[in-house]
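The sequence and structure come next.

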Amino acid sequence: MKTFECGNCGQITFFENVVCEHCGMPLGYVTEIRAMVAFQPGSDLFWSPVNSALVERYRPCNNYVSQHICNWMVAESDQNAWCRSCRFTEMIPALSIPEHLHLWFLLEAAKRRLIYSLMQIGLPIPDRDRDPARGLSFNFLADYPQERVLTGHQDGVITLNIDEADDVVRERKRKRLDEPYRTLLGHLRHEIGHYYWMLLVENSRWISGYRQWFGDECADYSEAMDAYYKNGARSGWQNNYISEYATMHPWEDWAETWAHYLHIVDALDTAANWRARIGSAQPSSPFPEASAPMTIEAFEAALMRDWMPFTLFLNSMNRSLGQKDSYPFVNPEAVIRKLCFIHEVVLAARLE
């Protein structure tokens, strides 16, 4: 993610800010220029950009106006009351339960980071209005008295149980399932991987390459799931998979690897924008704003030259702060090949 500055005073701001912590000016994220912008609120619903080349006025997303959930802005010419991220949400938990509001806030904040990354990469993100059959939408739901909400993806609809936004509940699940890593953003990146398999790979020219690296998706999913939860991952899985869960079925291998692809792309982009250096090298962004994205060969080189040393630094820094490793994974050669295949699919999707 790029670094942002307040247009009024030049102070560094963060993606989640709604006001500048230095000068107090209201801030909002404008998708058209992918930047945080300082605004002067008007007497009506519309705010005027401060020290910006933007000529149009903007209004805060309806989810900010009604619940202070969002910090993205909507152009005056846009007839939609919701921002580019919030309009993908179709269902939310009942806000009559007080704790649901905070959990929904955390879900939307993670989703905005996801949508930001997809826009930065340049992937198609059709909504249900543009593509009723395959458009993307999100349902954020709580368990019912007699029915548990299962997190997953089906036909473009990503459903998340809101308890994944509860740190205590999520950590309890992580320990029970013996997972080294479980985050809200990680969940979204995994489930969006299923979506892009449907959108970009299924019934496409990529299916043979997918089967070469990930396996035959026609294998019975229910049987594979039962076998995985009964027997666990196969011996030696670390040589070919990014995680134990990836061994369950080719669909899950793709989704797990896709999630790590987004981890890597966003982390390298952040490091590049902060001009971080590991030794004598400065990591490069796979999708820089001012130039063409990395070729497949350049991306593979970046994984070895930039990503591997950077993860060592991240994990060492976390341990210095008394935290667990931020990236507790190893990328064997087979996973590098899978990540490069995903990058190839993504590059092609940008051009179509």
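At what angle do α7 and helix α8 pack, and how far apart are their axes?

## Basis

This is a predicted model, in which local features need pLDDT of at least 70, side-chain atom pairs count only at pLDDT 80 or more, and totals for chains, interfaces and linings use all residues. Residues are numbered from 1 along each chain as its sequence is written, and side-chain values use heavy atoms, with hydrogens and water left out.

## α7 against α8

Helix α7 (250–273) and helix α8 (residues 296–320) pack at about 75°, and their axes are 11 Å apart. Axes are lines fitted to C-alpha atoms, for helices over the stretch in contact, and angles run from 0 to 180 degrees between N-to-C directions. Helices are DSSP runs (H or I, at least four residues), numbered from the N terminus. α7 is therefore roughly perpendicular to α8 (65 to 115 degrees).

On the α7 side the contact (heavy atoms within 4.5 Å) includes Tyr 261, Ile 264 and Leu 268, and on the α8 side Phe 299, Trp 307 and Phe 310 are among the residues involved. By class, the contact of α7 with α8 has 9 nonpolar, 1 polar and 1 charged residues. Ala, Val, Leu, Ile, Met, Phe, Trp, Tyr, Cys and Pro count as nonpolar, Asp, Glu, Lys and Arg as charged, and the others, Gly among them, as polar.

## α7 itself

α7 has 24 residues and spans 34 Å from its first C-alpha to its last, close to the 34 Å expected at 1.5 Å a residue (1.5 Å times one less than the number of residues). Of its 24 residues, 21 are buried, so α7 is largely enclosed by the rest of the structure. Buried means under 20% relative accessible area, with a 1.4 Å probe and protein chains only. Just after α7, Arg 275 has a positive phi of about 55°.

## Helix α9 and its partners

The axes of α7 and α9 come within 10 Å and cross at roughly 75°, which makes α7 roughly perpendicular to α9. Trp 254, Trp 258 and Tyr 261 of α7 are among the contact residues, as are Leu 339, Phe 341 and Val 346 of α9.

Helix α5 (residues 207–214) packs on α9 (residues 333–351) at about 165°, with axes 10 Å apart. The two are therefore roughly antiparallel (over 145 degrees). In α5, Gly 209, Tyr 210, Trp 213 and Phe 214 meet Arg 337, Lys 338, Phe 341 and Ile 342 in α9.

Notes. Angles under 35 degrees count as roughly parallel, over 145 as roughly antiparallel, 65 to 115 as roughly perpendicular and the rest as oblique. Buried means under 20% relative accessible area, exposed over 50%, partly exposed in between (1.4 Å probe, protein chains only).
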